[in-house]
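Student: I keep reading labels for parts of proteins and wondering where they come from. Could we take one structure and check some labels together?

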Amino acid sequence: MTANRLQRYALFLSAYNYTVQYVRSANNVADYLSRSHAGARLPTGAARGHARRASMLRTGKLTQDGCILRGHKVVIPLNLQGRILRELHSSHFGVVKTKAEARRRFWWPGIDADIESAVGACGACTALRPAPTRAPLAPWPYPARPWERVHLDMLSVAGGTHLVVVDAHSKWVEWAPLADGAGTEPVLRRLSEMLGRFGLPRTIVTDNATPFTSARFRRYCEVNDIKHVTIPPYHPASNGQAEITVKLIKRALKR
Ligand SMILES: [Zn+2]
């Protein structure tokens, strides 16, 4: 901070030719500028020049060695911004560190946004960014009784679609071909037959296949006081019991 301020003083003073002269405070009468209040008109040409230079340094219109300065930062023209960005990010630091590095030396309109997009677009950084941690699978609680929770899935094999129902307690598999189509009605007909034999489960677990997400299926569960749990889309592992069984059946059918 102090170093920055000294640097600004040095830059500010470098715009002048001056000699340093010591004046005792007893002999030092305060000049106009150090006592000037806002809105006051500057009286003389010399004082006006002084104020103009100060404001130019602030707004970045003063040049030094052919460089435009804004405060103590070099203003980078458009055609060199890409090169500066590449150099700033050559060590592959993140956005915060790259910005801090830039803030010390460079400026152009929108530099912060440009750094953000440059770092975000860096292939090397994207490839090495750690993947978000996977949430561990919460295992289904083991049901106390048979047919308390059943997992439903559809299985398509050569010859048609089948409804597979797996009991989470006993791993008992019920299987029924859906000869009359794979819509909600045929699924519910087969399911009703099974529930007629084994009783009503407390919970039914399905994926988000169309027959299970229809209003008709929801109503069926409501009427029979069955809790219907759907597993998240694209996460078949959540319906583990049915998925494993379906896989086993598929493998068995191939042999
Ligand atoms: Zn990078």
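What follows is a chat about the labels used for this predicted model.

Student: Let's start with the metal. What makes His89, His92, Cys122 and Cys125 the residues that coordinate the zinc ion?

Tutor: Distance. A donor is an N, O or S atom within 2.8 Å of the metal. Here the atoms are NE2 of His89, ND1 of His92, SG of Cys122 and SG of Cys125, at 2.0 to 2.3 Å. Those distances are within 2.8 Å, so the four residues count as donors.

Student: How are the donor residues spaced in sequence?

Tutor: The pattern is H-x2-H-x29-C-x2-C. His89 sits in the loop between helix 3 and helix 4, and Cys122 in the loop between helix 5 and helix 6, 33 residues apart, so to speak linking distant parts of the chain.

Student: How do you know whether His89 and Cys122 are buried or exposed?

Tutor: Buried means under 20% relative accessible area. His89 has 8% and Cys122 has 11%, so both pass as buried.

Student: What about Trp108: buried or exposed?

Tutor: Buried, because its relative accessible area is 1%, and the cut-off is under 20%. Trp108 lies in the loop between strand 4 and helix 5. Leaving out residues up to four places away in sequence, Trp108 touches Ile76, Gln81, Ile84, Leu85 and Asp114.

Student: Now charges. What makes Glu101 and Arg105 a salt bridge?

Tutor: The rule asks for a side-chain nitrogen of Lys or Arg within 4 Å of a carboxyl oxygen of Asp or Glu. For Glu101 and Arg105 the N to O distance is 2.5 Å, so the pair qualifies. Both lie in helix 4, 4 residues apart, about one turn of the helix.

Student: Why does the pair Asp112 and Arg103 count too?

Tutor: The closest N and O atoms of Asp112 and Arg103 are 3.8 Å apart, and the limit is 4 Å, so this is a salt bridge as well. A search of the whole structure finds 11 of them.

Student: Then why does Lys73 have no salt bridge?

Tutor: The nearest side chain of opposite charge, Asp112, is 7.8 Å away. Lys73 lies in strand 3, and its contacts include Arg103 and Trp107.

Student: Arg219 and Glu222 form a salt bridge too. Why is Glu222 called exposed, but Arg219 partly exposed?

Tutor: Exposed means over 50%. Glu222 has 54%, so Glu222 counts as exposed, while Arg219 has 49% and counts as partly exposed.

Student: Last one: which residues have the most contacts inside the largest nonpolar core?

Tutor: Among them are Leu152, Leu191 and Phe217, in a core of 19 residues. Helix 7 gives the most to this core, with 5 residues. Apart from it lies another core, of 10 residues, including Ile76 and Ile84.

Notes:
Residues are numbered from 1 along each chain as its sequence is written. This is a predicted model: local features need pLDDT of at least 70, side-chain atom pairs count only at pLDDT 80 or more; totals for chains, interfaces and linings use all residues. Side-chain values use heavy atoms; hydrogens and water are left out. Donors are N, O and S atoms within 2.8 Å of the metal (3.2 Å for Na, K and Ca); water is not among the atoms, so sites may look incomplete. Helices (H or I, at least four residues) and strands (E, at least two) are DSSP runs, numbered from the N terminus. Buried means under 20% relative accessible area, exposed over 50%, partly exposed in between (1.4 Å probe, protein chains only). A nonpolar core is a set of buried Ala, Val, Leu, Ile, Met, Phe, Trp, Tyr and Cys residues joined through side-chain atoms within 4.5 Å. Lys and Arg count as positive and Asp and Glu as negative; His and the chain ends are not counted. Contact means heavy atoms within 4.5 Å.
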